[in-house]
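Biologist: Let us go through this structure together. I will ask what the labels rest on, and you set each one against its cut-off.

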Amino acid sequence: MTDSSTRPTSVNPTLVGRSYAPAETYRVSAAKIAEMAAATGAQHPAHTDPDAARALGYDDVVAPPTFAVVVAQRAERSYIADPESGIDFSRVVHAEQRFTHHRPIVAGDRLRTTVHVDSITERAGIAMVTTRAEIADEDGAPVATVRSTLAVRGEGR
């Protein structure tokens, strides 16, 4: 009988280094920015008032910094849903998120995201999976880099 504390997960470590090309273009809307601002308690008027955003030099309302996670997580589905990944999403716990912003996200942006599998480390039946989502505008200029670490529990964990 195998001890469940050391039973490996089914996460496929051979995918480290693999990239997933953008599957779709994410169109940033003022409504989605307003929803994120409300959900995170971001109260600056530039998140909901186009005039306030324009007064700061933006073309439209500006997303709170954490809005990039909305775009990144949509793109990460291409990796998580890949049958080769071996990830059972019912066993996933979000462990860490880090953002590097190259410029603010504003309503009207059309964003494309490439997801990279940077590392997979397994210990005591838990795989720590780190991905990097490189978000760019439709011209290919960098907008944000989102690093995410997921803890994937093995069977019996």
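Modeller: This is a predicted model. Of the 157 residues of the protein, 39% count as buried. Buried here means under 20% relative accessible area.

Biologist: Why is threonine 130 called buried?

Modeller: Its relative accessibility is 15%. The limit for buried is under 20%. Threonine 130 therefore counts as buried.

Biologist: Where is threonine 130 found, and what is it in contact with?

Modeller: Threonine 130 belongs to strand S5. Leaving aside neighbours within four places in sequence, its contacts are His116, Val117, Asp118, Ser119, Ser148 and Thr149. Arginine 147 is 17 residues away from threonine 130 along the chain, and their C-alpha atoms are separated by 6.9 Å.

Biologist: Why is alanine 124 called partly exposed?

Modeller: Its relative accessible area is 47%. Buried needs under 20%, exposed needs over 50%, and partly exposed is in between. So alanine 124 is partly exposed.

Biologist: What else is there to say about alanine 124?

Modeller: Alanine 124 has a positive phi of about 50°, although it is not a glycine. Its place is the loop between strand S4 (110-123) and S5.

Biologist: Now the helices. Which residues of helix H1 are buried?

Modeller: In H1, residues 30-40, they are Ile33, Met36 and Ala37.

Biologist: How do you know that the buried residues of H1 line one face of the helix?

Modeller: Look down the axis of H1. The buried residues fall within an arc of 100°, so they line one face. On the other side, Ala38 and Ala39 are exposed.

Biologist: What do the buried residues of H1 pack against, and what follows H1?

Modeller: They pack against helix H3 (68-80). Glycine 41 follows H1, and its phi is positive, near 75°.

Biologist: What makes a set of residues a nonpolar core?

Modeller: Its members are buried residues from a nonpolar list that includes Ala, Val, Leu and Ile, joined through side-chain atoms within 4.5 Å. The largest such core has 19 residues. Val28, Ile33, Phe67, Ile105, Leu111 and Ile135 have the most contacts inside it.

Biologist: Which elements give two or more residues to this core?

Modeller: H1, H3, strand S5 (126-137) and strand S6 (142-153) do. The largest share, four residues, comes from H3. There is also a second, separate core of 15 residues, with Tyr20, Val92, Val117 and Ala127 among them.

Biologist: What does isoleucine 135 touch?

Modeller: Not counting residues up to four places away in sequence, isoleucine 135 touches several residues, including Ala68, Val71 and Ala72. Leu111, Arg112 and Thr113 are among them too, as are Val143 and Val146.

Biologist: Step back to the whole protein. In what order do the elements run?

Modeller: From the N terminus on, β-β-α-α-α-β-β-β-β. That is three helices and six strands.

Biologist: What share of the contacts joins residues 24 or more positions apart?

Modeller: They make up 71% of the contacts with a separation of 6 or more.

Biologist: How many charged side chains are there, and what are the overall dimensions?

Modeller: There are 17 positive and 20 negative side chains, and the centres of the two sets lie 4 Å apart. The C-alpha atoms fill a box of roughly 65 × 30 × 20 Å along the principal axes. The accessible surface is about 8,300 Å², and 51% of this belongs to carbon and sulfur atoms.

Technical notes:
Residues are numbered from 1 along each chain as its sequence is written. This is a predicted model: local features need pLDDT of at least 70, side-chain atom pairs count only at pLDDT 80 or more; totals for chains, interfaces and linings use all residues. Side-chain values use heavy atoms; hydrogens and water are left out. Buried means under 20% relative accessible area, exposed over 50%, partly exposed in between (1.4 Å probe, protein chains only). The arc is that of the directions from the helix axis to the C-beta atoms. Contact means heavy atoms within 4.5 Å. Accessible areas come from the Shrake-Rupley method with a 1.4 Å probe; for residues, only the protein chains shown count as cover. Lys and Arg count as positive and Asp and Glu as negative; His and the chain ends are not counted. The place of a charge is taken as NZ of Lys, CZ of Arg, CG of Asp or CD of Glu.
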